[in-house]
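The exercises below ask you to work through the ligand sites of one model, step by step. Please keep the sequence and the structure open while you read the solutions.

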Amino acid sequence: MPSTDLLAPGHRTCAGCGPAITIREVLRAAGPDIIVCEATGCMEVTTTPYPESSWKVPWIHVTFENAASVASGVKAALRTQGNDHTQVIALGGDGGMVDIGFAAVSGALERNEDILIITYDNEAYANTGVQRSGATPFGASTTTSPAGEDSIGKPEWKKNLPMIAAAHGCKYVATASPAFAADLQNKIKKALSIKGVKYMHILAPCPIGWRSDSSQTIQIAKAAVQSGMWVLYEIENGNFKRTFTQKTKTVKEYLTPQGRFKHLKDEQIAKMQEHVDNTWKELENLEKSGVNLVRIL
Ligand SMILES: Cc1ncc(C[n+]2csc(CCOP(=O)(O)OP(=O)(O)O)c2C)c(N)n1
Ligand SMILES: [Mg+2]
């Protein structure tokens, strides 16, 4: 791993910010010959308080909706200039990519733009006060899905953008976690070596939104993977393959250090465990079957 960070320290993220750790890892793997187009959100607000910037690579702030569209345009401009080496990354939070910029993401995937689209997923609209997003998991209490006498928190399951990206026929789709830095960085490098559109989705704990101790970010990111709540995989040319296959923790162990789940009763946790176990089995079967996802989705 190179020791030089392309995201300079001194930015204004919270202590233990998962997205900040994630972006440092992404940039170390991607290297300096990139242009980042970033939707508004925590990582935009905290890294670029005017007139300062933590970004040591060219970086463009775009609106909430259009990171993938701007990235498509930047790539077209580079092509016109005869530049075939600079990589373009469309970056956004879960609100920006899973929900509000979803149409732009879908369009870029469908047009097979030569860009890498990355969602850093802290499972809420963190920047504006932790509202629920499509990526917020079942049972999480947020300011717009608050737990209470008649509410278990968010009643819907998490929206699955990596599989939706695969359904577009995307050549390379991967999930990642900042707790598995080598895996994350290998995936970034592989993605950037492939021509055409690539999609990566990285789960990044947010101590404020998840109401967890700021010293626990990496442990929680690791427990998400070890419990099967967040499965690490790649879909290369339609072929699904997990990159971490040990399920050694229970869902309860993952949920316990997070205040956003502390209201959940045993029956709701059991429901989540059942959901995770079923998904795990289905993904295991999918991997064994060798079914090509690009062909069937
Ligand atoms: C169209 C539009 N709606 C709402 C906002 C206000 N807004 C700015 S950032 C943000 C939340 C971003 O959430 P996410 O993309 O998940 O990034 P995070 O803050 O969690 O890192 C919202 C709602 C906006 N800038 N533009
Ligand atoms: Mg978010």
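**Exercise 1.** Identify which residues are closest to ligand 1, and describe the classes of residue in the shell around ligand 1.

*Solution.* The model is predicted. Begin with the count: ligand 1 is surrounded by 16 residues, and the closest of them are Cys-42, Gly-95, Gly-96, Tyr-120 and Asn-127. Next, sort the shell by class, which gives six nonpolar, eight polar and two charged residues. Finally, look at secondary structure, where helix H4 (residues 94-100) supplies the largest share of the shell, namely three residues.

**Exercise 2.** Work out which N or O atoms of the protein lie by the oxygen atoms of ligand 1.

*Solution.* Take the backbone first: a backbone N or O atom of Gly-96 is 2.8 Å from an oxygen atom of ligand 1, and one of Ala-126 is 2.9 Å from an oxygen atom of this ligand. Then turn to the side chains, where an N or O atom of Tyr-120 lies 2.6 Å from an oxygen atom of ligand 1.

**Exercise 3.** Find the protein donors of the magnesium ion (ligand 2), and state their spacing along the chain.

*Solution.* Applying the donor cut-off of 2.8 Å, one finds Asp-94 (OD), Asn-122 (OD1) and Ala-124 (O), at 2.0 to 2.1 Å from the magnesium ion. Read along the chain, these donors follow the spacing D-x27-N-x1-A. To finish, check accessibility, which shows that Asn-122 and Ala-124 are both buried.

How values were computed:
Residues numbered from 1 in each chain as written. Chains lettered and ligands numbered in written order. Predicted model: local features only at pLDDT ≥ 70, side-chain atom pairs only at ≥ 80, totals over all residues. Heavy atoms only, no water. Donors = N, O, S within 2.8 Å, 3.2 Å for Na, K, Ca; no water. Buried < 20%, exposed > 50% of the residue type's maximum accessible area, 1.4 Å probe, protein only. Near = heavy atom within 4 Å. Polar contact = N/O pair within 3.5 Å; in protein donor to acceptor, adjacent residues only side chain to side chain. Helix = DSSP H or I, 4+ residues; strand = E, 2+ residues; numbered from the N terminus. Nonpolar A, V, L, I, M, F, W, Y, C, P; charged D, E, K, R; others polar.
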